[in-house]
Amino acid sequence: MNIRPFDHSDADYTALVDLNRRLEPERHFTVAALRAEDREQGEHHRLARFLGEVDGAVVAVGVYWLRTDEPGAAHHFALAVHPDHQTGDVPRLMQDHLLARMEAEKPIAIASEPKEDETYR
């Protein structure tokens, strides 16, 4: 799997929307809504997002964030993986990538934010 930074292009937002729709079809994801959500993060959040690709297709997204206005705040991370790739190496590779990137920032604590029904094997 190739893991690369999310580049905020229309193509990356479209790939993110497509993956989110596959994982949560009951929600209404749009490029405009995700762009607005990113803008709302504001100056008190530091956010990093990465896409995982297999054969040129986005099959995973990983994100971590930190509230910069809260001394001692934990780094939080989350990942989402296409159902066809949840039982292979993709979840582990994305999690390892996120943890390595966060470790470089010397976090005080790290918290994962899985959805209630998410389990990767």
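The charged end of R49 sits over the ring of F6, 4.8 Å from the ring centre; such a charge counts if NZ of Lys or CZ of Arg is within 6 Å of the ring centre and within 35 degrees of the ring normal. The model is predicted, local features need pLDDT of at least 70, side-chain atom pairs count only at pLDDT 80 or more, and totals for chains, interfaces and linings use all residues. Residues are numbered from 1 along each chain as its sequence is written, and side-chain values use heavy atoms, without hydrogens and water.

Rings of Phe, Tyr and Trp (its six-membered ring) pair if their centres lie within 6.5 Å, with planes under 30 degrees apart called stacked, over 60 edge-to-face and the rest tilted. By this rule there are two aromatic pairs.

| Pair | Centre to centre | Angle between planes | Class |
|---|---|---|---|
| F6 and Y13 | 4.9 Å | 90° | edge-to-face |
| F50 and Y64 | 6.4 Å | 20° | stacked |

F50 lies in strand β2 (residues 45-54) and Y64 in strand β3 (residues 57-67), 14 residues apart; strands are DSSP runs of E, at least two residues, and helices runs of H or I, at least four, numbered from the N terminus. F6 is buried at 7% relative accessible area, and Y13 is buried at 3% (buried is under 20%, exposed over 50%, partly exposed in between, with a 1.4 Å probe and protein chains only). F50 and Y64 are buried too.

Y13 is also among the α1 residues that contact α2 (heavy atoms within 4.5 Å).
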